[in-house]
Amino acid sequence: MIPVYSVAQVRAVEAQEISKRGSESLMRAAASELAAAAEAMLAQTASPTDALIIGLIGPGNNGGDGLYALTELAQRGYQTLALQCTETGHPEALKAYASVAGTVKSLSEGEEALSSASLVIDAIYGIGYRTGAQLPKLPAGTRVLACDVPSGLNCETGSADDDVLLAERTVTFGAMKTGLISQDAPLVTGEIQVATLDFDFSSITPETHLVDENSAQELLNVHRSWRDAGRHKYERGVLGLIAGSALYPGAAQLTARAAVACGVGLLRTHVPEEVQSLLSLAAPETVPLDDEQITEALSLARRHLHGRGAKISAWAIGPGIDSRTPPTGVIANVFDSRQPAVIDASGLEVVPTGPSEQPRVLTPHAKELRMLLRRAGVSVTTEEVRQDPIRWTRWVALAYNAVVLLKGPTSYVVAPNGANLVVCHAAAQLATAGSGDILTGILGYMLSDSSLTGIYGLETVSNSRLMELTACAAVIHGQLGRVTAQQGTVSASRLIDQLPAVMKDFGF
Ligand SMILES: NC(=O)C1=CN([C@@H]2O[C@H](COP(=O)(O)OP(=O)(O)OC[C@H]3O[C@@H](n4cnc5c(N)ncnc54)[C@H](O)[C@@H]3O)[C@@H](O)[C@H]2O)[C@@H](O)CC1
Ligand SMILES: Nc1ncnc2c1ncn2[C@@H]1O[C@H](COP(=O)(O)OP(=O)(O)O)[C@@H](O)[C@H]1O
């Protein structure tokens with residue numbers, strides 16, 4: 001997992017590093033990382049002599065990084081041009097660049113060259129940016145590498161100006177910063193590469209941790225073993241799905257098909273009669289589960305009589321339930337159990353507040369989070385949630401005694417004790433009807449699989465493992481969106497078609 005720090009924390013460590021190593025040597029180290037990233041971006045498309053790299057240079061240290069990077073690139077044979085975007089610049093870096101590659105032009109003098117740039121390095125503003133500067137408009141299709149932070153992005157809040165310079169890649173220095181993963185940031189930074197420059201953060205507690213593809217792989221492997229290959233379907237895990245209504249017959253199918261596509265051991269489905277025949281057609285692998293069997297399964301689980309009757313390892317509750325007539329009796333019994341559950345959509349309208357023995361994950365989007373807060377007696381606006389998502393998600397986690405996944409372009413996973421993780425891996429195309437139902441299927445499957453929860457006997461899964469698995473499900477879901485979008489337009493059904501291949505990439 002990647003630790004994420006506030007700008008103030010990064011500034012404090014930076015000050016220590018400057019006193020140890022000197023400002024110039026740090027800046028040169030940052031510049032080398034930036035130059036290497038520029039070379040990597042051009043590796044497929046241009047040889048050094050053909051490529052023109054233009055640096056947009058600002059007044060402070062960010063501009064200094066850009067100039068030293070351009071100096072290195074000029075020394076390696078690239079054609080470079082430094083365009084000064086403000087009245088003043090970093091004096092030593094300006095001198096260093098001039099001595100290797102010639103004079104620096106003003107933006108107005110050299111603007112025309114932008115249309116022939118192979119790559120633009122955006123080194124106008126970094127963490128010192130305050131909103132409101134005049135930023136240059138780049139020709140459509142310009143490839144941009146941002147130095148530390150895209151210019152126009154407030155790196156404390158993640159709020160971007162309308163004319164922010166959109167980056168294909170951002171090389172950020174010291175550590176991942178909160179404002180690079182919040183609010184607008186995921187839409188403007190491109191891929192983020194952290195160049196730690198060996199900054200020492202050992203005495204500082206990060207604000208949160210980012211779970212990316214690599215960290216998800218590691219987290220998924222924690223309990224996997226060679227013994228997994230010898231398990232039969234019941235040992236592998238049985239998911240109980242309570243979903244669907246005549247009003248929304250599709251949601252139960254999507255969640256069921258997603259869980260099946262993940263490779264669930266067995267899926268038992270509790271849906272209204274009129275939905276069951278459709279579900280059996282859409283997912284013939286599923287086996288219906290009636291009220292009596294649920295009561296029996298819960299009773300056996302309470303008496304630890306595993307392996308008899310309808311054994312259920314975890315539950316997925318909510319997709320497509322008609323909130324006007326939810327199956328409250330059955331759901332109430334499941335909520336009273338100690339079996340892990342993911343609760344989504346209309347299930348969120350009936351999940352009880354207060355203490356519970358059940359390990360639970362609630363998966364609201366922002367509007368559902370506000371509904372959950374209202375049910376717990378707290379009234380907030382959408383803007384308040386946007387400004388401080390972790391704070392309001394924590395309120396819900398505490399009030400409902402559950403791990404909460406707040407879904408959106410950036411997703412937040414928060415436990416009742418306040419621990420939190422962030423996932424920034426989504427593709428915009430995931431904003432399509434039914435994609436949340438698929439996430440419920442993926443997470444439901446993961447909670448049911450003992451090789452992922454590490455629970456084979458009588459204990460229950462801890463909130464910290466629930467958080468990890470929830471973050472992994474969000475990463476897988478994000479990757480699913482990315483892979484599907486590469487091949488065409490995205491719909492929930494197309495996401496399910498890609499799911500087996502994406503799961504395979506995560507070691508399933
Ligand atoms: N301090 C260090 O040792 C290191 C700093 N690094 C670089 O230093 C950057 C931070 O440098 P600075 O603190 O000089 O800040 P910036 O280079 O981000 O900004 C320069 C100055 O621009 C001005 N400014 C900001 N917003 C403006 C606006 N809207 N209108 C007009 N002027 C505005 C501010 O006065 C600010 O100090 C980092 O982002 C990173 O690129 C790296 O070299 C790593 C080492
Ligand atoms: N603009 C966006 N960019 C990236 N991911 C998004 C965006 N909007 C929504 N998502 C993701 O898509 C999913 C939508 O879930 P949800 O709102 O429950 O949809 P539905 O109710 O249609 O199933 C969530 O996983 C969320 O993180």
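1. G320 counts as buried because 26 C-beta neighbours fall inside 10 Å (buried means 20 or more other C-beta atoms within 10 Å of the residue's own, with C-beta atoms placed from the backbone). G320 sits in the loop between β14 (314-317) and α12 (328-335), where helices (H or I, at least four residues) and strands (E, at least two) are DSSP runs numbered from the N terminus.

2. This is a predicted model, in which local features need pLDDT of at least 70, side-chain atom pairs count only at pLDDT 80 or more, and totals for chains, interfaces and linings use all residues. Residues are numbered from 1 along each chain as its sequence is written, while chains are lettered from A and ligands numbered from 1 in the order in which they are written.

3. The unreviewed UniProt entry carries a "binding site" annotation covering A251, G320, H365 and D437; such annotations may be inferred rather than shown by experiment. Leaving aside residues up to four places away in sequence, G320 touches A251, among others including A243 and A345 (contact means C-beta atoms, placed from the backbone, within 7 Å).

4. D437, in helix α16 (residues 435-448), also counts as buried, because 28 C-beta neighbours lie inside 10 Å.

5. Elsewhere, seven strands form an open sheet with parallel pairing, in the order β4-β3-β2-β5-β6-β7-β9 (strands pair if DSSP finds at least two bridges between them). β4 (105-106) and β9 (191-195) each have a single partner strand, so one side of each is left without a neighbour in the sheet.

Terms used
Buried ≥ 20, exposed ≤ 12 C-beta atoms within 10 Å, placed from the backbone. Contact = placed C-beta atoms within 7 Å.
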